[in-house]
Amino acid sequence: AHRTSPTNIGLFMLCVLCARDLGLIDSESMSERLSHTMDTVEKLQKWEGNLLNWYDTKTLRPLHPRFCSAVDSGNFVCCLVALREGLLEYAHEQPSLAPLCGRIQAAVDQTNLAAMYDPKKRLFHIGYDLETGKLSSSYYDLLMSEARMMSYFAVARRQVPKKHWGALGRTLAVEGRYAGAVSWTGTMFEYYMPHLLLPAYEGSLLYESLGFCLYCQRKKASERGLPWGCSESAYYAFDPQFQYQYKAHGIQRLGLKRMQGKEYVLSPYSSFLALTTAPELALRNLRRIKKLGATGEFGFYEAVDFTAKRCGGAPYAVVRSYMAHHVGMSMLSCANVAFGDVFVRRFMKDPDMARAVELLSEKAPVNGAVFDAVPERTVPEVPGRTRQM
């Protein structure tokens, strides 16, 4: 697929650094690869310093309709923050890394996330449509969201006020003896992806919510006698060009969006994301997934679909593709568990990111609003609810 996004670019650049950490390449090769990447990034069309959502990798032109995504732009600059700190560790081996760090810092400084912030609602718009010249009418409004990393960066850099963090929804759900904040679709991605770079301190609301997510994911899998780990991924359905379809696959107890329990699609990258939180559980789960025939030349495939109506009478169907985004997250998670949260430490070493650390120590509310699960068959959508896309 000859297209890429800000998240893909940022993860690629961190994976180059990760390859150096693992001894797969040397500092000279790392510098060369990343310098060429920055050459390209600096040529790309931007809006308010933000990369656009999709580019053609052959022509470098943005794909139409041109759109600037707040969360994708946030992911990119957060990756750059951790990247710069990591490159400084190797600067004594390769003098060319020092000027490269300067270019990376310039890209961070030029990115204006505040252009997508609504000061009245104290929330970020989903993004900006360059074709219509308008901000989206929907917002990122939940703490347990893939946008959490972007929100943290924007507050830490003082692009938006601290009260934005407080405006994010913290509705709780309870299952057994566990409780945590809910997300929109109940995916591992929404809970765990931001913690590739953000710490989750024991006893904090974020830490408790990660444990709650893992408990609910494992409980649902146990009821089906299957491995755990549902998230957004490709699944075993095809478009007219025979390309796999893609959507969020979550656990209903974790998500506000309804009708999440009718399908079961397992994504191996979900287990990789949990490595730093529960390494033994994650590794055991990956071994179970491997026994399903879910690995190929480049490692674990994208997903395993257990949805009966799509499997043609078989117990499951393996989605035999690889997604750069998901492979990249898996690689970084492996480095974090092997090297003591190395990418988290790098991200928080940045003076701006360190300054807002108290946001991550927030305790779970004692008398917070609790979300009551409703049977999935009686789930009319609430009219006018602002949702995440």
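Two strands count as paired if DSSP finds at least two bridges between them. Hi everyone, let's keep that in mind as we start with the strands.

Before that, some ground rules. This is a predicted model, so local features need pLDDT of at least 70 and side-chain atom pairs count only at pLDDT 80 or more, while totals for chains, interfaces and linings use all residues. Residues are numbered from 1 along each chain as its sequence is written, and side-chain values use heavy atoms, with hydrogens and water left out. The helices (H or I, at least four residues) and strands (E, at least two) are DSSP runs, numbered from the N terminus.

So, how many bridges join β5 to β8? There are three, and β5 and strand β8, residues 127–129, run antiparallel. Contact here means heavy atoms within 4.5 Å. Angles run from 0 to 180 degrees between N-to-C directions, and axes are lines fitted to C-alpha atoms, for helices over the stretch in contact.

The whole sheet is open, with three strands in the order β5-β8-β9 and antiparallel pairing. At its edges are β5 (67–69) and β9 (134–135), each pairing on one side only.

Next, a hairpin. Strand β11, residues 172–175, and strand β12, residues 178–181, run antiparallel and are joined by four bridges. L172 has A181 as its bridge partner in β12. Two residues lie between the strands of this hairpin, and G176 takes a positive phi near 60°.

Now for two helices. The axes of α11 and helix α12 (residues 342–349) come within 6 Å and cross at roughly 90°. That makes α11 roughly perpendicular to α12, a label for angles of 65 to 115 degrees; under 35 is roughly parallel, over 145 roughly antiparallel, and the rest oblique. Which residues of α11 and α12 make the contact? From α11 we have L332, A335 and N336, and from α12 V342, F343 and V344. By class, that is five nonpolar, one polar and no charged residues. In this scheme Ala, Val, Leu, Ile, Met, Phe, Trp, Tyr, Cys and Pro are nonpolar, Asp, Glu, Lys and Arg are charged, and the others, Gly among them, are polar.

On a 1 Å grid over the protein atoms alone, a cavity is a set of points where a 1.4 Å probe fits but cannot get out, and a pocket is an open set with protein on both sides within 12 Å along at least five of seven lines; lining residues have an atom within 4 Å of a point. Points are joined across faces, edges and corners, and a volume is the space filled by probe spheres set on them.

The count comes to four cavities of 30 Å³ or more. The largest cavity holds about 80 Å³ of space, and L332 is one of its lining residues. Its lining has nine nonpolar, three polar and no charged residues, with α1 (6–21), α3 and α11 each supplying at least two.

The second largest pocket has about 500 Å³ of space. Its lining has 26 residues, with Y192, Y207, L210, T277 and A278 nearest the centre. Two or more lining residues come from each of α8 (205–224) and α11 (324–338), and α8 gives the largest share, nine.
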